[in-house]
Amino acid sequence: MSDRYQGFVSSPIGKLLVKNLGLPSPTRLERYAAGEPLVQGTVVLGGAGRLSAQLPTLLDGLGIASTSTTAEGETYKGLVFDATGITDAAGLIALQEFFTPLLRRLDTCPRVVVLGTTPESVTGSERIAQRALEGFTRSLGKELGKGGTVQLVYVTEGADDAVASTLGFFLSPKSAYVSGQVVRIGAHQEKKAEPVADWTRPLEGKIALVTGASRGIGEQIARVLHRDGAKVVGVDVPQAASELQALMRELDGDFLTLDITAKDAPQRIAHHLSTEHGGVDIVVHNAGITRDKKLANMAEDRWSSVIGVNLTAPEKITRVLLDEKVVNDNGRIIGVASIAGIAGNVGQTNYAASKAGVIGFVDSLADDLGRGITINAVAPGFIITAMTAAVPFATREVGQRLNALSQGGLPVDVAEAIAWFASPGSTAVNGNVVRVCGQMMLGA
Ligand SMILES: NC(=O)c1ccc[n+]([C@@H]2O[C@H](COP(=O)([O-])OP(=O)(O)OC[C@H]3O[C@@H](n4cnc5c(N)ncnc54)[C@H](O)[C@@H]3O)[C@@H](O)[C@H]2O)c1
């Protein structure tokens, strides 16, 4: 699936028009390829807080080069600022002092991460200053340009040693289409992250269930989890059986053809996972449908089918997998929400309700799972798939440009975010909904 506008603006005539008419000029985003280092360049470390001392060793463990001193004429691939030491509004000046001189010295597709303390875990002036970091990072995300991304990672005290998987994701091209996000680590469970023996295959030995795996985003999720070492059990409807089988054969995985809304689907899935695989480590509820109509014209079946596939089925399947202890210790449950569930959308009352419900699903379980099990969701924005290719050209073009990166995302961008949640190193990453939307203006 191609982005015709992006192709056009890189042509000589396109470049001329961009310059003269002030049109958006999207940077071709760098994406991760297996075998490459996580970061191709050096990351500058700044700030002074409780996380600073461990950062050089932690990044070194991920194969990422870092420095705290900058040299004349050098350019940098990323910036990590430890803002956990900021305890009042006056201290926020440290952000300006660190970032301003460095912003013109960044390579293409640079990565910026600000580390803070979860505001709800502190009080008074510190809470105010920590909350202020949100406005800073979201604005910098809109200013950075050159395909750059900016995130704020709030780390609750006690989870300081659980940030590696998150930094690995946000500093690498795996997070190409994620920007302006605020993530909380350690806010729900005080759990130690499982050690990760090999960061290139963190999911080695894990079993991953992916619904709707035969095409689109689900196919990429299956591919990325397989790349990271997992054995994937793909689920899709019987009509998609041949594509599903072919993909799972290619990925040395397993498959189940069923409709996830069928009455016996949760039991069939649970039975298959426990008898064939001894349980499941990663559950990705990706299968989803749209049946758009304005509410005034909405037939009952359009409403019910969307709620049934997108919300009720994930809820019921998860309940059975948890109740029957089919989900192993340190398991990962991952939902696929949507920007529509955050911002709302004309013609999508049913879909947006189902996707906001997925966010509620995360909130409702995050505190109760225990055994090191986590639940998180991604909320994709405009992702270029067969689904969005069906959107009329003009609407599609506008939809793709309404974000800080001025382009649509790819299915792999959603898959990489899911692989980060799935990592054994992400035990403290719980209860988050992360938008994969290029920092879309809608619902921001
Ligand atoms: N494409 C986007 O821009 C976008 C944006 C936000 C969210 N999403 C969400 O991402 C997910 C994947 O979207 P996609 O674009 O790849 O869609 P898609 O239509 O290409 O793929 C969905 C897959 O789910 C399967 N499926 C549907 N109903 C099922 C059922 N009852 N039982 C089992 N499998 C079923 C389909 O057969 C298909 O293989 C969906 O949840 C969607 O809502 C997509």
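## Contact between helix 10 and helix 12

In this predicted model, the residues R302, W303, V306, I307, N310, L311, P314 and E315 of helix 10 meet N350, Y351, A353, S354, K355, G357, V358 and F361 of helix 12. The residues of this contact divide into nine nonpolar, four polar and three charged.

Helix 10 spans residues 300–323 and helix 12 spans residues 349–365, and the two pack at an angle of about 15 degrees with their axes 9 Å apart. Because angles under 35 degrees count as roughly parallel, helix 10 is roughly parallel to helix 12. The crossing of helix 10 and helix 12 is right-handed.

Seven strands form an open sheet with parallel pairing, in the order 9-8-7-10-11-12-13. Strand 9 and strand 13 (433–436) stand at the edges, and each has a single partner strand, so one side of each is left without a neighbour in the sheet. On average, and with direction ignored, neighbouring strands of this sheet are turned by 20 degrees against each other.

Helix 12, which takes part in the helix contact described above, also lies across strand 11 (327–336), strand 12 (374–380) and strand 13, and it runs at about 160 degrees to strand 12.

## Strand 8 and strand 9

Strand 8 (residues 231–236) and strand 9 (residues 254–257) run parallel and are joined by four bridges. Among the residues involved, V233 has D254 in strand 9 as its bridge partner, while G234 has F255 of strand 9 as its bridge partner.

Terms used
Residues numbered from 1 in each chain as written. Predicted model: local features only at pLDDT ≥ 70, side-chain atom pairs only at ≥ 80, totals over all residues. Axes fitted to C-alpha atoms, helices over the stretch in contact; angles between N-to-C directions. Parallel < 35°, antiparallel > 145°, perpendicular 65-115°, else oblique. Left-handed = near helix turned anticlockwise from the far one by under 90°. Contact = placed C-beta atoms within 7 Å. Nonpolar A, V, L, I, M, F, W, Y, C, P; charged D, E, K, R; others polar. Pairing = 2+ DSSP bridges.
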